Every structure is written in C-alpha cells, then in structure tokens.
Amino acid sequence: MSRTYYNGILLCFLAGFMLATSPCSAQDEFTFDLEEFEKKNLEWGGYAEFKWEHMDINQGSAFSLLNFMDEPRSTFDRYKGTLQIDGSYSYGKTTFNWILQASGQQDDIGWYDTADVFEAYASLRPSPLLTASIGKKSYKWGKGYAWNPVGFLNRLKDPNNPEEALEGYITAELDLIKSFSGSLQTVALTVVALPVWDDVNDDFGEVNNVNLAAKLYFLYKDTDIDLIMYTGNSRSRRYGLDFSKNLATNFEIHGELSYTPDQRSILLDSDGTVSLQEDSALSGLIGIRYLSENDITSIIEYYHNDAGYTETEMDRFYQLIEDGGGQLSGPVIDTLLDKAREISLKGYGRPQPGRNYIYGRFTKKEPFDFLYLTPGLTTIFNLDDESYSISPEVVYTGFTNWELRMRFTSLQGPSFTEYGEKMNSNKLEFRVRYFF
Amino acid sequence: MNNRLTRNTIFMTILTFALAGVFAMQAQALDGTEILSQVDRNLQPESYEMYRKLINVEPDGSKKEFVLYSVKKGQDKMVALFLSPASEKGRSTLRLNDNMWLYIPNVGKPIRITSLQSVVGGVFNNSDILRLDYSAEYDVNGITDEGETYLLDLKAKTNAIAYDRLSMKVDKKTIVPTTIECYAASGMLIKTLYYKEPKDFGDGLVRPSVLETDSPLYKGYKSVMIYAKINKKELADEIFSLNYLSRVDELR
C-alpha cells in the first residue's frame, strides 16, 4: 500500500514537472533578445519523459518461458517515467560536465526505479589543440548507425533507439588535434585509460587491470578515417578501422572493420555442457545514408559479427529452453532453465546475438506539407534464420520542446529463429518527451 | 600598293576591335568577380563569431524558432551551435569545404549530413545555415547593369554545391545582395532569398540584418534569419574539427 502510494507520488511529480515547465506564451514576431542567450558559467537542461508500452506475449517462445515460466501471461504492460538532467559548469579553461538520469517503472509484475550518473567529468583545455579530461564519460566510437563493431569502449546500444544517451565509464583521456591545408585536413589522437577495479568499471571486464584505448582520426581527401586499438587484460585485445564519406550531396557511405585475435565467448556444446571458447573474430559493417528527391532519408547497413552465434548454436540454446519448459516441475527442469538463464545473460540473450544482419531505417520528413511530422519505418533482418522485426512509427515535433512518438513493432519468424523466440510477438509504444 | 595598304588597314582595324572586345569581356568578368568578393566582405568578415535567430513561419502564422551561435574562419570553415530551443540545444554542425557533420549530444558522435538536408526543417537547408563565402562556391558567369542594381549570374564551382546557379541582385550603393534566386541544375527555381533591413553591426560592418526565404516547393511557408551580433574573431583551425564539435560552446 505504502509502496503504491510512493509510486503514485513519483509519477505525479514527473507529470507535474512536465506541465509546469511547458511553454505558456508565443513570442512576438521577428524579435531577438540576445541577452537571453549570453554565455553563463552554469548551463543546464534535459528532458522529462513518459512512456507506455503494451506487448502481446509470444506464449511458448523461448524467452517468454525464461521470463514468465512461473506466471504465464498473454499480454504485458509497462509505464515508465524518466528524468534526464545534463549540464556544464565552466571556469576559465576548465569545464565540468554531467548527465544524470533517473527513472521509475511500473509494469504487470512490479515497480522498479533507478538513478544513474551517466557522465560526470572535468576537462581542461589549455589550447584548442589539446584537451585533457578525467571522470565518467560515455564513448560512441564508430561510424555505424545501428551497430559499432569498432566501439571498443562503447556500451551496447539498442538499434531500435540508437540515439539515446548511454552510461559511461570512469576514464582519463587526452585529446590532441592538428589541422593542415591540403589533402590531409585534420589529424586527431584520442588516448583513453580505463581502469577496472572493484566498484570501478567492474562491469567492463576482469578486475584489477588498467586498459588503454586509442583512436587516430584523419580527414583525408574529404574522407573520415579512424584507426582504433584497445589493449588490456579486462577484455581481449582488438584492432579497428572505420571510414565515412559523402559521395554526393545526398549520398553518404560508411563502414567499420574490427579484428579480435582472441575473442572469448560462452558456448553451449552439443552435449549440453557450457564452455568458454577463444577464437579470432573479424567483424564488419557497411552502410549508406541516402536522401531521395522526394525527401526520404534511408539508412541501410549490413553487419557481420564473427563473435555472434551460428544458427546451429542458437538452435541448441532454444532446444535447452524447450527441454526445460516441456515439463511443469522437477529439479532437472529447474536446472535446465537456470542454465539457460545464466548463458542468456552471458551472451545468448543479448540483442542481435546472431552473425549476419541487415538494418534499414526510412524516414519521410513532413509528408503532404504536414510540418514537423516524420513518419518512419525501421527493420532489422536476421539473414541467417530469416526472421525479422519491423517497426512503423510517427514522430511529431510541432509543439516547441515537445516530442511525441508512436511506434508499433511486429516480430516475425517461425520457431527456433531469433524473432520467433523473442518474449513478445509485437509491441505498441507511445512516448512523450518534454525538453527543458 | 594602295590595295595592300587598304588590306592592312582593314586587318588592323578588325584586330583592334577584336582585342578591344576581348579586353572588354575580361574587364566585365573581372568586375563581376570583384563585386562578388566585395559582397562577401560586406556581408561578413573573413573570420567572425555571430548570433542568429532562425524562424520558420507556417501558412497559418504559427512559428518555430531556433537560436544559433556560429563561428567562421577563412573561406571554407564554419561551425554553428544551437542555443535554443531546449530540444535542439547543444547540437552543432560543422562545415569544411563541402563536408558537413551534425553532432547531437545524446548520440555523442558526429554524423555526416548533406547540404540538401535541413537540420531545422522549414525552407532553409544545411547549406543556407552553414553558408560559406559566395565567391568560394560560385564563379561569375555574367553581369548585367540594371540601373540601381547589378545582376550577377553565378555558376557553382562543383556539383557538390547545393544550388547549381544563383541569380543575385546587388545594390550598387552598398554592394550587398538584395535578392538571390537559387536554381537546381535542371533550371528549376528552388528558393528565393531576400536580404532586408540594413543595420550597423559595428567595426564598419553595415549589412542587412534580416534574410527571408520562400520557395515554390514549400508553398505558403516562409523562413527568416535575424542577425543580432557579428564580431571579428581570431580562431584556431583546430576548432573546425570533429573532435572539437562537442566543445563549441566553450568559445562563447
């Protein structure tokens, strides 16, 4: 009772905050009060968001059995409020930056809340050529939109929402830039030290190590090129290359290639045992961004992940769950499902665990002269098992500082395929976001 | 003898007229190029910082406003940072020659964009917002004296430029543009720009403070740019790089 009461208060607070900070009057035509925009030492902003999701559960699928074995259900509803506050404080050549995010979620099972420091770091800029920073910082290396095989320090992003902020790691960083005239226009070097100790970045990899990563950037003949390397004992060593170039005023091409000599992954063997495999992995991505004459932006990417699971390996995982869910009780069954849950968390349950994918996103800006309305369609296709997700959506930004998004996702595929074994068969989502 | 003299006289006369014609054409072309360079310098210093408000006006009169802080260096480097509205705050765009990138704080990395796209919607596209000197992008194909104005016919130097041809009317007294028609390679009129309301920005810079645009492709819509502050500013080349995009606000 008391828990529900507090949950209600939190949701009311979020809703009230969104209303209280909403604009109340239109500005006069063609006026520009510059004082309002003078630089201040303290700058801050952020957004408040409310999201409702309704899912039809794919009853009998592998992940519905894993998640709802004890309490089978046909639908699942979730309400979530999020508050993100970002800002900076500048003093001379030093700047302190932060991104904080808190969220509360009520779903059919219970209440969850979380509060995280996504970023909090200080940077010192003695000259435009050199910047040093220390603290918690998020890295988004790579040119791919949906995936980044060269994102050696990146958190795993959701290809369905690749533009969301992600939690960073505590690092020390040095950034050097040098510009030239001629074919080679810019060279920049970013060097990052990432320690992994108990309670410091301990979700990155093995503890008691200091890892190093470096990115060397060139703008050469109008092409962005990055050479990337990671070394350290928390994860296996890896090397990467990416590029991006505009081939025309409406056509961009990009790509990534990464090589890991000793890629470690959890593998379910044919005899049911679980082992740690070590093998070299070559992963890559090639993609385009194209703006058509009728104002449709298309992003298409092909992704190959050597570190992903083959169809046969995924089949063994689905079979394990089917064996576990085939009977209703018994210690053997529990053991099988426990094992499936464990290896799901260690790799089999991650988004896009397979080897070959196509991603497509198509958006049409302001169709039929409907200003600030952007309908879109996103699809992720597993090329190995031919299952896929397809998500039509509509985004409206016509009210200043408000963003409304409605999205429906359908997951399609037979049994023993990635999207045929997901927890849900579809999802309807409505999101309201207010920026302040 | 007389015949020979006559032939020589005719030949010299034709040669003189031909050379005079060539020199006259060269002088005209030179004038056009000089006028275009003067237009650039009268609109903005070579390296500067600037505050602008961009307003998209819909057919029903409702508006959406954006405030940008921009810095430019030389003929080919420019950065613009969104200060308002809150939904766009912190976004920055970089242009180096024909290369353009957009940095969105949440996304956390710059992505390449194209000159024909628009990061703000409305009639202005990215090349309008990140406009370099006209003389950096266009050659003068012809010039016509129209009394109080010159009419410059400008042709894009490469096919990477957003508009293939510009028809620019330049006020003779102030040597600033009054109207610019922007055409695609097909000859289709894409938009018309109107420079209005001259204002003294200090340091000898007197130029239009309002730029309006409309387009037959966006019937009933109008976009307006208001210039509030333009200052000369010394800037390092390294500011115009991808690694610096997240820190542009520190220049203010």
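**Figure 1. Salt bridges in the predicted model.** A search of the whole structure finds 46 salt bridges over all chains, a salt bridge being a side-chain nitrogen of Lys or Arg within 4 Å of a carboxyl oxygen of Asp or Glu. This is a predicted model, in which local features need pLDDT of at least 70 and side-chain atom pairs count only at pLDDT 80 or more, while totals for chains, interfaces and linings use all residues. Residues are numbered from 1 along each chain as its sequence is written, chains are lettered from A, and side-chain values use heavy atoms, without hydrogens and water.

**Figure 2. The pair Arg433(A) and Glu49(A).** The two side chains form a salt bridge with an N to O distance of 2.5 Å. Arg433(A) belongs to strand β18 (residues 424-435) and Glu49(A) to strand β1 (residues 42-57) of chain A, 384 residues apart; strands are DSSP runs (E, at least two residues) and helices are runs of H or I (at least four), numbered from the N terminus. Both residues are buried, that is, under 20% relative accessible area, with exposed over 50% and partly exposed in between (1.4 Å probe, protein chains only).

**Figure 3. The pair Lys73(B) and Asp237(B).** Their salt bridge spans 2.9 Å, N to O. Lys73(B) lies in strand β2 (residues 63-73) of chain B, and Asp237(B) in the segment after β13 (222-232), 164 residues apart. Lys73(B) is partly exposed because its relative accessibility is 22%; Asp237(B) is partly exposed at 27%.

**Figure 4. The pair Arg165(B) and Asp153(B).** The closest N and O atoms of this salt bridge are 2.9 Å apart. Arg165(B) is partly exposed at 29% relative accessibility, and Asp153(B) at 26%.
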